[in-house]
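Subject: Structure handover

Hello,

Here is the structure for you to work with. Please have it open while you read the notes below it.

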Protein chains: 2
Amino acid sequence: MARTQALALDAADTLAPLRAQFALPEGEIYLDGNSLGVLPRAAAPRVAEVVSQEWGHGLIRSWNQAGWIDLPQRVGDQIARLIGAAPGEVVAADSTSINLYKVLHAALTANARDGRRVIVSERSNFPTDLYIAQSLAAQFGCTLELLEGEAIAQRLGSDVAVLMLTHVNYRSGAMHDMAALTAAAHRAGALALWDLCHSVGAVPVDLNGAGADFAIGCGYKYLNGGPGAPAFVWVHARHATAQQPLTGWMGHAHPFTFETGYQPAAGMARFLCGTPPVVALAALECGVQTLLAAEPLGGMAALRAKSLALTQLFIEQTRALPLTLVTPEAPAQRGSQVALACPADIDGYAVMQALIARGVIGDFRAGAGGEPHLLRFGFTPLYTRFVDAFDAAHLLADTLHSRVWQEPRFTHKAAVT
Amino acid sequence: MARTQALALDAADTLAPLRAQFALPEGEIYLDGNSLGVLPRAAAPRVAEVVSQEWGHGLIRSWNQAGWIDLPQRVGDQIARLIGAAPGEVVAADSTSINLYKVLHAALTANARDGRRVIVSERSNFPTDLYIAQSLAAQFGCTLELLEGEAIAQRLGSDVAVLMLTHVNYRSGAMHDMAALTAAAHRAGALALWDLCHSVGAVPVDLNGAGADFAIGCGYKYLNGGPGAPAFVWVHARHATAQQPLTGWMGHAHPFTFETGYQPAAGMARFLCGTPPVVALAALECGVQTLLAAEPLGGMAALRAKSLALTQLFIEQTRALPLTLVTPEAPAQRGSQVALACPADIDGYAVMQALIARGVIGDFRAGAGGEPHLLRFGFTPLYTRFVDAFDAAHLLADTLHSRVWQEPRFTHKAAVT
């Protein structure tokens, strides 16, 4: 493939106009939107309006007059359109970890009992999910069993209370079959809880179509909601009366009557806890709207087609390198990122530092417990161009071949996130 | 007292220059800083810098280069200076309700056992505290006992695990004696947990001096951190190994090694959970710094002296009105707000609406369970002037005497927060 072919793909890309929604760093190819999404152009003026006008001038009146009090539901309803959920089924609030605590607690309350005290998850799941599950397993007298690959579905016996998985793996980019695994969990009498952190806004998700039970996800990756943006939580309508333990006043049926006793709100408001983070929710709303802007152009299906084409191009252009592709090549098993493992004689940290110095921003994830060290590249079809994928692959190749990464300025380990 | 005397007090006020830190609404007297603090002038440019520069240009690099990863501790250390805590003892994160869940769970884990299964609190405590306590009481097989006044201290027997109180009452503005009640709790073998929502930044607080066990508080009231600002949590050094249940990755000893098993961080980082809300923490930092700016002028002690003078002036100027003072007159028992109860023939909601129409912004809190309906007025010595307190009192008097509040435009009940 020649670079001109990549440019031709961009010229023919009907989604190309969506890129203008973003304030992108000049002279850089940003392939880390799976870690922190870029800044929507609308976010800076919107945040300024919330701060200076709604807070500064409206003050306490803005809870009603500017609609602050409805932000968790308003933003949630927009996220719902990206994940196969109905209006009223999603609220934006708190962090991913806290929302996971809410729904896993609710799932265990509903389904953990004598003879059914196992939580099944994936060993390579994002650690915060495992940490929260460990805390709740101890509280409920349950066992957390961590498996990989086919062993996960095979483990779904009558003693399993909850199957808790992340839809797209944060390291490998491998994607689970949500519908099949949810059905398998249900056949075993277990509930299915999905973490959508690396799939919301990245791949089509159909929670109601899959019949999933609970889901949570992140606002600051593919949703472009800003650093530490609020997360979201979804609950299937069949669990409308499920109760979560973080019973703050915003989850009360009548928060402003200041009653002494807790009475959960009807609907998803019961999954709220404290006062909504207004400024952060306003930024998140701008991010979510960058994805909804794709709806007239084919929505998540069109974004998915471009995402697969981008990752396929990058996979093909890096195939000859002395790195091992960890991300599945089968499109149905691939999220919107590509992970390349480094052999023992290549310092992946230094390679990424050298690549960043050349303007390609991916990230490095050290392997723990025998896992390989990875170079991760996130592809975000809202703003990543085919020529970006092409150039990034060739700059990576040149970084490896030139051995520039062996210079001390790149091999020196600073604190990394 | 004549208005000129109030103006003279302002002219002699050494704290008066602090008012210039704020973007105050023109033509209004804002007495609702106990619900939502005003906008610090520094917040709008700082938030814009975080959004456009640190997020927009720095992107993922800003976690290290802009110090995002340290924000919970950095802001926490600044809050610590306002509440008698040492550096490293406070982190800013999550909401008040969620932080309460963390520390009450930790307190019950440490101290609830057979024969000691009572949580004592105040019936008129802010409801979210009671709701969280109800959730945890059920989980730990404990009983939540709600009392008022002297009965609280009298109840502290050998069966009490935790005394959980809000330092300054959100309705009445009455302030507990933190040191005395903490000591009484300890004599009974109970732990003392304090909610500082209405005292941090409003009155001097000395957590270590009082020997308290746990504390939490709000960022968006007297700290001026913005709507839904992150809250904070403090734990006494003697509980350094206490564990909380919201075991997200930011509380891990080594979050970026992505280990499978949870290992709590040394120190207060273990009270963190998810990814820090960067934009909101940046705004909160600006708010906290408006209080630290008082340090060269006498700090919280000087602010407290002015606060008491402001509330005393307002109490005296409203004494002849057909309203009942609910806030204690004894300075040691008074926070930084004044609450006036309405008799049955005065519609407090309508009075407040009419008063707001005349430019005095306080708020109305309906009474639940036989409590009186209240007009609440918060006095924030950083920006409230003596003439504001004087004018507010006389505009309230005129609103009542003129009976303008009886007009339908004021008596009509809209949704209120």
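Confidence. This is a predicted model. The predictor gives the complex an ipTM of 0.97 and a pTM of 0.97. For chain A, the mean pLDDT is 96, with 99% of its residues at 70 or more.

Contact between the chains. On the chain B side, 72 residues are in contact with 72 residues of chain A. Several elements of chain B give two or more residues to the side that touches chain A: α2 (43–58), α3 (62–65), α5 (96–111), α6, α10 (278–292) and β14 (363–365). Of these, α2(B) provides the largest share, nine residues. By class, the side of chain B that touches chain A holds 43 nonpolar, 23 polar and six charged residues. Since 100% of the interface residues of chain B are also interface residues in chain A, the copies meet through the same surface.

Domains. Chain A is divided into domain 1 (3–30 + 298–411) and domain 2 (45–292). The C-alpha centres of these two domains of chain A lie 29 Å apart. Where they meet, 19 residues of domain 1 of chain A are in contact with 15 residues of domain 2 of chain A. On the domain 1 side of that contact, α11 (299–317) and β12 (337–341) of chain A each supply at least two residues. The element that gives the most there is α11(A), with four residues. The side of domain 1 of chain A that touches domain 2 of chain A is made up of eight nonpolar, eight polar and three charged residues.

In chain B, strand β5 (residues 118–122) pairs with strand β6 (residues 143–147) in the parallel sense, over five bridges. Within this pair, B:Ile119 stands opposite B:Leu144 in β6(B).

Regards

Technical notes:
Residues numbered from 1 in each chain as written. Chains lettered and ligands numbered in written order. Predicted model: local features only at pLDDT ≥ 70, side-chain atom pairs only at ≥ 80, totals over all residues. Contact = placed C-beta atoms within 7 Å. pLDDT = per-residue confidence, 0-100. Pairing = 2+ DSSP bridges. Domains from an automatic or database assignment. Nonpolar A, V, L, I, M, F, W, Y, C, P; charged D, E, K, R; others polar.
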